[in-house]
Amino acid sequence: MKFDIVGFGALNLDKLYQVNRIAHEDEESFITGKSESCGGSAANTIVGLARLGMKTGFIGKVATDQEGSLLHNNLQNENINTKGVLLTDDGRSGTVSGFVDSDGQRALYVDPGVNDCIGPHEIDINYINSSKILHLTSYVGKYSERSIKTQESVLNEISNNVSVSFDPGRLYSERGIKFLDRLLNRSDILLINQSELRLLTGKNKDSSFTTHKTLENVQNLQQEYGIGMIVVKMGDKGSFVTQINESQFIKAFDVSCIDTTGAGDAFNAGFLFGYLKGEDIKTMAIMGNYVASRCVTEHGATDGLPDMQNLEDIISNGLNSI
Ligand SMILES: Nc1ncnc2c1ncn2[C@@H]1O[C@H](COP(=O)(O)OP(=O)(O)OP(=O)(O)O)[C@@H](O)[C@H]1O
Ligand SMILES: [Mg+2]
């Protein structure tokens with residue numbers, strides 16, 4: 001196999017502005033600082049796996065602008081194969097402009113740009129068939145149907161030997177289960193958080209979290225779609241994992257949290273690393289919690305992501321004792 005995992009999702013340059021105050025309609029405020037980083041949910045997860053020594057590739061689209069070359073170079077600098085990254089002269093690369101005040105309140109504006117227009121004829125199916133896992137995340141925007149349809153058609157064409165992991169995020173989840181029917185049908189691993197699970201299933205929407213209700217929602221999904229593994233991410237509590245009829249709750253690591261940006265993507269990297277290493281689902285979840293715990297102790301989605309040595313140390317110290 002050429003790749004352990006190939007990601008397929010939006011590529012965005014995140015432009016974060018620190019502001020005096022988030023301006024409402026007809027108001028003005030001022031910017032006190034600015035930072036830029038490469039983002040996109042699938043890309044963050046693939047960066048996490050590349051840092052852990054996995055052979056990685058990516059499918060996405062950027063334009064021939066400054067943002068596009070930053071996004072492209074960032075993947076290459078992380079040792080991710082970029083043969084699947086499409087380049088176009090027509091349009092802008094995806095960006096997310098974020099405005100954050102001193103209390104950490106934020107307003108985000110996504111400009112999907114060329115992420116929204118990936119057609120099925122542009123994807124090399126052999127690129128995906130030479131990977132053990134295809135990891136899918138969401139597309140947003142007015143014209144995102146085209147890229148979503150492409151993800152669906154790719155799933156119809158790829159070999160049965162490729163495992164599919166899928167993190168629908170909030171924007172896909174709130175469109176409901178019927179909208180995601182085709183993606184869920186081919187998913188072997190579903191990675192979702194608690195509120196997304198409720199939005200997706202439309203069940204227990206207004207109730208507060210209980211293990212019983214989460215389990216009920218997970219079991220319904222599993223029965224309907226036959227998904228082998230379902231992971232419910234639960235923020236600082238940890239994660240709840242289900243494989244066939246067995247569910248377990250795995251407590252989060254006790255760390256001092258600075259910024260939760262990308263925690264879910266980091267969890268996915270650790271969990272899928274465990275999957276690729278043939279670990280059991282409990283160890284996979286511990287690895288997910290561990291990689292995510294390292295992510296939240298630094299600013300941004302990828303600064304805190306650990307390397308192979310960090311993870312080997314933690315494994316040799318006995319993951320099960322945690
Ligand atoms: N404060 C924290 N301390 C330790 N671990 C944390 C903390 N917050 C999150 N995590 C870890 O990160 C994982 C993923 O976080 P979360 O459940 O918020 O996912 P998410 O909602 O998908 O995140 P995202 O907003 O990045 O998509 C959790 O399962 C947990 O392991
Ligand atoms: Mg998430």
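A residue counts as buried under 20% relative accessible area, as exposed over 50%, and as partly exposed in between. Keep those cut-offs at hand for this tour of a predicted model.

**Stop 1**

Select Phe-99. Its relative accessibility is 24%, so Phe-99 counts as partly exposed.

Turn the view until both rings show. The whole structure holds eight aromatic pairs. Phe-99 and Tyr-109 make an edge-to-face pair, with 6.3 Å between centres and 75 degrees between planes. Colour strand 7 (residues 94-100), which holds Phe-99, and strand 8 (residues 106-111), which holds Tyr-109; the pair therefore ties together parts ten residues apart in sequence.

Tyr-17, Phe-99 and Tyr-109 belong to one aromatic cluster.

**Stop 2: Phe-267 and Phe-271**

Move to helix 9 and select Phe-267 and Phe-271. These two rings are stacked, 5.9 Å centre to centre, with 20 degrees between the planes. Why does about one helical turn separate them? Because Phe-267 and Phe-271 are four residues apart in helix 9.

Check the accessibility of each. Phe-267 is at 3% relative accessibility, so it counts as buried. Phe-271 is buried too, with a relative accessible area of 0%.

**Stop 3: Ligand 1**

Stay with helix 9 and bring up ligand 1. Which helix gives the largest share of the shell around ligand 1? Helix 9 does, with three residues. Show helix 9 (263-276) together with helix 10 (281-296): each supplies at least two residues of that shell.

Next, select the whole surround of ligand 1. There are 16 residues, and the closest are Asn-193, Gly-235, Gly-238, Gly-264 and Asn-289. Colour the shell by class: eight residues are nonpolar, six polar and two charged.

- Asn-193: a polar side-chain atom lies 2.7 Å from an oxygen atom of ligand 1.
- Asn-289: a side-chain N or O atom is 2.8 Å from an oxygen atom of ligand 1.
- Gly-264: here a backbone N or O atom lies 2.9 Å from an oxygen atom of ligand 1.

On its own, ligand 1 has 630 Å² of accessible area, and the protein covers 80% of it.

**Stop 4: Arg-175 and Phe-179**

Last, select Arg-175 and Phe-179. Arg-175 lies over the face of the Phe-179 ring, 4.0 Å from the ring centre.

Notes:
Residues numbered from 1 in each chain as written. Chains lettered and ligands numbered in written order. Predicted model: local features only at pLDDT ≥ 70, side-chain atom pairs only at ≥ 80, totals over all residues. Heavy atoms only, no water. Near = heavy atom within 4 Å. Polar contact = N/O pair within 3.5 Å; in protein donor to acceptor, adjacent residues only side chain to side chain. Areas by Shrake-Rupley, 256 points an atom, 1.4 Å probe, with all protein chains shown as cover. Nonpolar A, V, L, I, M, F, W, Y, C, P; charged D, E, K, R; others polar. Phe/Tyr/Trp six-rings, centres within 6.5 Å; stacked < 30°, edge-to-face > 60°. Buried < 20%, exposed > 50% of the residue type's maximum accessible area, 1.4 Å probe, protein only. Lys NZ or Arg CZ within 6 Å of the ring centre and 35° of its normal.
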